[in-house]
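Subject: Structure handover

Hello,

Here is the structure you will be working with. My notes on it follow below.

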Amino acid sequence: MPCLRTMRLCLMIAAPIALPAGLNAQETGTQDTADFEVAGNTPVICTLALDSGAEDGLINFSTADRNVYRVDQMLDATTLSTRAASFEVTLDGVCNSAHRIRVESLNNGLWQVSETPPARPSGFGTAVPYDVTARWTDQVLLLPADAAIRQPRERSVPINRPASGGLTLRFEIAAGATNLAANAPMVAGAYADTLTIVLEPLQ
């Protein structure tokens with residue numbers, strides 16, 4: 001990897017010399033010098049960690065270890081459709097070079113935990129769409145996981161400079177959100193998705 005910063009250090013080495021009587025110091029003064037080049041290499045690094053002092057804004061969500069977030073009440077008892085739910089978490093981020101922020105959804109929505117869920121019964125939703133908003137530096141990244149198809153989905157934004165500070169991540173389920181129609185009833189079962197946020201150097 002090429003050296004990112006080079007410092008040049010010049011050391012002066014001098015020895016006093018006794019002057020013979022009658023000689024002018026200006027005419028006989030001498031000095032020796034030696035140059036030493038000092039080089040260092042700074043690796044390209046990005047780090048991201050949960051801010052231990054930040055409070056998560058939990059609405060109809062709970063969490064035990066800030067890595068797994070659970071919807072407290074998934075369904076509205078009257079409509080059997082989804083209730084609104086959201087959380088907001090702050091992370092400490094730093095990248096010492098140009099980089100990108102990337103947000104990934106494994107399933108493009110909250111889907112039934114089974115890899116092969118049953119065929120959708122007529123009139124029922126089988127997945128829950130949601131929105132994720134990430135704010136980093138002066139950039140805002142939106143990932144709409146629309147639950148139309150069960151597949152990975154991602155969004156990324158380049159940041160063409162080093163940056164450090166707080167990265168805010170907001171996850172939101174709208175009331176009545178389903179993969180069938182607004183306010184459609186949901187099939188009973190366990191639903192989940194894996195959300196990943198990444199800071200990585202630009203290649």
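Leu106 sits in the loop that runs between β7 and β8 (110-112); helices (H or I, at least four residues) and strands (E, at least two) are DSSP runs, numbered from the N terminus. At 46% relative accessibility, Leu106 is partly exposed, where buried means under 20% relative accessible area, exposed over 50% and partly exposed in between (1.4 Å probe, protein chains only). Leaving out residues up to four places away in sequence, Leu106 touches Gln151, Pro152, Asp193 and Thr194; contact means heavy atoms within 4.5 Å. Its C-alpha atom is separated by 8.1 Å from that of Thr196, 90 residues apart along the chain.

Please note that this is a predicted model, in which local features need pLDDT of at least 70, side-chain atom pairs count only at pLDDT 80 or more, and totals for chains, interfaces and linings use all residues. Residues are numbered from 1 along each chain as its sequence is written, and side-chain values use heavy atoms, with hydrogens and water left out.

On confidence: pLDDT is the predictor's confidence in each residue, from 0 to 100. The protein has a mean pLDDT of 86, with 82% of its residues at 70 or more. Over residues 1-15 pLDDT stays under 50, and the model has 31 contacts beyond four places in sequence for that stretch.

Next, the sheets. Strands of a sheet pair through backbone hydrogen bonds, either parallel or antiparallel. Here two strands count as paired if DSSP finds at least two bridges between them.

An open sheet of 3 strands is ordered β12-β7-β15, and the pairing is antiparallel. β12 (153-159) and β15 (195-201) are at the edges with a single partner strand each, so one side of each is left without a neighbour in the sheet. From one strand to the next, the twist averages 15°; axes are lines fitted to C-alpha atoms, for helices over the stretch in contact, and angles run from 0 to 180 degrees between N-to-C directions. Strand β7 (residues 99-105) is joined to β12 by 7 bridges, the two running antiparallel. Within that pair, Arg102 stands opposite Ser156 in β12.

An open sheet of 5 strands has the order β3-β6-β13-β10-β11, again with antiparallel pairing. Its edges are β3 and β11 (139-145), each with a single partner strand, so one side of each has no neighbour in the sheet. Neighbouring strands of this sheet are turned by 20° against each other on average, direction ignored. β3 and β6 run antiparallel and are joined by 5 bridges. The bridge partner of Cys46 in β6 is Cys95.

Which residues does the disulfide join? The structure holds 1 disulfide (a pair of cysteine sulfur atoms within 2.5 Å), and this disulfide joins Cys46 to Cys95, S to S 1.8 Å. The pair links distant parts of the chain, with Cys46 in strand β3 (residues 46-50) and Cys95 in strand β6, 49 residues apart. The torsion about the S-S bond is about 125°, so the disulfide is right-handed. Cys95 is buried, with a relative accessible area of 1%.

Last, Thr82, which lies in the loop between β5 (69-71) and β6 (85-95). Thr82 is buried, at 3% relative accessible area. Its side chain reaches the backbone nitrogen of Ala177 at 2.8 Å. Beyond four places in sequence, residues touched by Thr82 include Met74, Leu75, Asp76, Val128, Ala174 and Met186.

Regards

Conventions: A polar contact is a pair of N or O atoms within 3.5 Å; within protein, one must be able to donate a hydrogen and the other to accept it, and residues adjacent in sequence count only if both atoms are side-chain atoms.
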